[in-house]
Amino acid sequence: MNREAIAKTCREVIYECVPELEGTPIYEDTVINTDTAIDSMGFTLVICRLEATFDVRIPNRQWAKLSTFGDVVTAIEKRVAKKER
Amino acid sequence: MAQQMCRTEENMRRYYGFADLLSTRAKEDPDAPALLYEDHGSICRISCSLLLEQVSVLSRQIRVSGKKCIGILCDGSPQCVITVFASVLAGAQTVLLDESASEDLLAQQICASDVDVLWGDEDLAQDLKVDCLNSLIPDLEMDSPNSLIPYPEVRDGQEPVNDDPEAALKAGCSVSGDILFFTSGTTSRSKAVVLTDRSLTASAFNGSSILPLSSKDRLLCILPLNHVFGFVCGLLWGLACGAPVALGRGPRHYSDDAKFFSPTVLSAVPSLLLFLLQHGCLNPELRTVLVGAGSCPPSILELAGRSGLHVCFGYGMTETSSGIALSISGDPYALQICPLNEVRIAPDEEILVRAGDCMMKGYYKQPEMTQTVLENGTLHTGDLGQIDADGRLHITGRKKEMLVFPDGTKLFLPEYEAAIAAVIGDKDFAVIERDLSPVMVIHDDPSNRAFLSAQLKSLMQQYPRGQQLRDMIFLSKPLPRTATGKVRRWELSQIL
């Protein structure tokens with residue numbers, strides 16, 4: 001699965017978890033919490049849904065380090081690649 | 001032990017430490033479920049007698065091992081609960097740590113509290129960069145509770161093997177170890193607060209005497225145990241009242257724990273309650289929610305009230321082992337003062353508390369810092385309040401330059417602003433709270449927004465999400481300041 005496909009799915013999950021963002025563009029450098037106003041609990045939900053969708057696990061202590069949408073995609077991409085190896 | 005017990009009008013018993021709590025519960029109701037947890041999709045139970053048995057066995061092993069200061073990465077599992085009780089009753093200084101904290105923060109807290117052995121779930125220990133932690137603290141010994149005591153197959157109905165666990169526990173519990181909680185701050189100001197099993201069970205009595213539970217209740221423990229509100233109001237409150245405590249499965253199950261465990265009572269921080277309400281995560285059996293550890297806007301309480309929930313709001317501090325006052329009916333912001341506490345209002349409206357048995361011993365190895373807040377047994381809370389004609393406490397603001405967020409975390413503004421200044425340079429700015437999030441107000445050209453955001457990105461990643469700057473507000477004139485140069489935050493908020 002390439003980065004573009006992962007990013008597309010990540011966006012879909014975010015829009016599903018935070019419906020009020022529907023129609024708001026999310027770019028690689030979009031800072032998830034400030035630019036999109038997802039609060040910390042909403043972010044937890046997003047990460048959990050992403051983990052379930054991609055069947056990967058991002059350690060809890062890494063969550064706080066995920067700032068931009070690109071950071072989230074990279075974290076998923078890294079673990080998907082590890083799983084596929 | 002009998003002479004130590006007393007009962008309130010609500011018939012709630014006061015326990016004097018973990019040994020008293022566990023042994024009394026096991027004696028009076030041995031088969032009653034004490035803890036509930038999930039295992040392979042099913043709800044399993046640990047009875048009061050089995051809990052006592054497990055704690056006494058592990059406690060004995062810890063005493064034999066000679067470990068003096070045990071750090072426990074709190075994951076909320078049954079093993080974690082048993083290990084905390086056992087460690088304290090073995091006389092070890094027990095430090096409760098956040099399992100999701102960064103290696104750097106853990107290293108700082110481990111060093112600050114003299115932890116010599118770190119225990120946690122084995123998967124967690126692997127996930128943690130042990131090499132990194134060991135390089136930061138070379139003397140630290142890593143271990144796992146499972147290497148000391150194999151967790152029993154409770155689903156098979158295994159009976160206790162110890163002849164007299166109560167006697168075994170009492171034999172070694174003449175001196176319980178201190179239990180250290182770190183306050184919710186994430187900066188260098190994060191302090192280790194020294195509490196005891198006696199102060200914590202006294203605090204549980206405070207809560208249960210105002211808001212008693214019964215054996216028909218089921219309390220969902222969804223908050224981290226390394227936070228005193230989670231430990232007292234998520235765990236001890238239920239155990240002290242004889243209500244089974246369902247151990248939540250961590251952040252990944254915030255959305256489905258309530259429907260899985262079907263609790264009747266839940267303790268939550270405001271942000272978590274809002275999330276659960278907005279996403280329809282609560283179960284129909286739930287009747288009471290105790291909200292605490294952070295500012296709770298009326299909108300959340302109203303939303304909960306519309307869902308038919310009895311919402312109580314608690315005010316407390318780590319320094320007082322949690323609860324100081326609690327609202328139980330009517331105005332949720334009119335708080336009844338807990339029976340073991342005395343509260344008075346200073347001339348400058350600061351809330352002063354004498355918490356008796358609930359009061360901390362002090363900040364660990366920081367006597368000077370302790371003296372700044374604890375004066376002749378009276379705690380200067382740093383919060384402002386008033387007491388109404390009915391003797392109920394109302395919180396009106398904060399004296400300290402600190403923000404307290406709905407998730408219970410705290411942010412010390414002077415340090416936060418110093419960290420920002422180190423990145424963006426000598427600019428005229430301040431951080432204030434807006435809509436329960438930190439916002440930077442700066443005297444600058446709005447066209448610099450993107451540049452400032454980029455500058456601050458790396459710094460913000462070092463803070464929990466809820467403490468990262470949510471917005472920047474640009475002012476065309478200088479910020480209001482006092483003669484000594486301090487920002488007038490209240491005036492700034494009014495301007496905005």
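Strand E1 (residues 33-39) of chain B pairs with strand E2 (residues 42-47) of chain B in the antiparallel sense, over six bridges. Strands (E, at least two residues) and helices (H or I, at least four) are DSSP runs, numbered from the N terminus. Two strands count as paired if DSSP finds at least two bridges between them. Pro33(B) has Ser47(B) as its bridge partner in E2(B). The two strands make a hairpin with two residues between them. In the turn, His40(B) has a positive phi of about 50 degrees.

E1(B) also pairs with strand E10 (residues 245-247) of chain B, in the parallel sense and over two bridges. Five of the seven residues of E1(B) are buried, so the strand is largely enclosed by the rest of the structure. Buried means that 20 or more other C-beta atoms lie within 10 Å of the residue's own; 12 or fewer means exposed, and anything in between is partly exposed, with C-beta atoms placed from the backbone.

## Model and conventions

This is a predicted model: local features need pLDDT of at least 70, side-chain atom pairs count only at pLDDT 80 or more, and totals for chains, interfaces and linings use all residues. Residues are numbered from 1 along each chain as its sequence is written, while chains are lettered from A and ligands numbered from 1 in the order in which they are written.

## Chain B overall

Chain B has 17 helices and 26 strands. Of its 496 residues, 48% are buried. Take the contacts in chain B between residues at least 6 apart in sequence: 66% of them join residues at least 24 apart. A contact requires C-beta atoms, placed from the backbone, within 7 Å.

## Strand E4, a buried strand

Strand E4 (residues 93-98) of chain B has six of its six residues buried, so it is largely enclosed by the rest of the structure. Gln93(B), Val95(B) and Leu97(B) point one way from the strand. Thr94(B), Leu96(B) and Asp98(B) point the other way, and all are buried. In a regular strand the side chains alternate between the two faces of the sheet.

Strand E3 (residues 69-74) of chain B pairs with E4(B) in the parallel sense, over six bridges. Gly71(B) has Val95(B) as its bridge partner in E4(B).

## The E24–E25–E26 sheet

Three strands of chain B form an open sheet in the order E24-E25-E26, with mixed pairing. Strand E24 (429-434) and strand E26 (471-475) of chain B stand at the edges with a single partner strand each, so one side of each is left without a neighbour in the sheet. Neighbouring strands are turned by 30 degrees against each other on average, direction ignored.

Strand E25 (residues 437-443) of chain B runs parallel to E26(B), joined to that strand by five bridges. Ile442(B) has Phe474(B) as its bridge partner in E26(B).

The axes of helix H9 (residues 197-210) and helix H10 (residues 228-241) of chain B come within 9 Å and cross at roughly 75 degrees. Axes are lines fitted to C-alpha atoms, for helices over the stretch in contact, and angles run from 0 to 180 degrees between N-to-C directions. H9(B) and H10(B) are therefore roughly perpendicular to each other, a label for angles of 65 to 115 degrees; under 35 is roughly parallel, over 145 roughly antiparallel and the rest oblique. Residues making the contact include Leu200(B) and Phe205(B) of H9(B), and Phe231(B) and Trp237(B) of H10(B).

By class, this contact has ten nonpolar, four polar and no charged residues. Ala, Val, Leu, Ile, Met, Phe, Trp, Tyr, Cys and Pro count as nonpolar, Asp, Glu, Lys and Arg as charged, and the others, Gly among them, as polar.

Helix H15 (residues 413-424) of chain B has twelve residues, which should span 16 Å at 1.5 Å a residue; its end C-alpha atoms are 16 Å apart, which agrees. The expected span is 1.5 Å times one less than the number of residues. Gly425(B) follows H15(B) and has a positive phi, near 90 degrees.

## Positive phi in two loops

Asp114(B) is not a glycine, yet its phi is positive, near 65 degrees. Its loop lies between helix H4 (103-113) and strand E5 (117-119) of chain B. Asp114(B) is partly exposed, with 15 other C-beta atoms within 10 Å.

Lys365(B), also not a glycine, has a positive phi of about 55 degrees. This residue is in the loop between strand E18 (362-363) and helix H14 (367-373) of chain B. Lys365(B) is exposed, with 12 other C-beta atoms within 10 Å.

## Where chain A meets chain B

In chain A, 15 residues are in contact with 23 residues of chain B. Helix H2 (32-35), helix H3 (40-54) and helix H4 (60-63) of chain A each supply at least two residues of the side that touches chain B. H3(A) gives the largest share, six residues. That side of chain A divides into six nonpolar, six polar and three charged residues.

Definitions and conventions:
Two residues are in contact if their C-beta atoms, placed from the backbone, lie within 7 Å.
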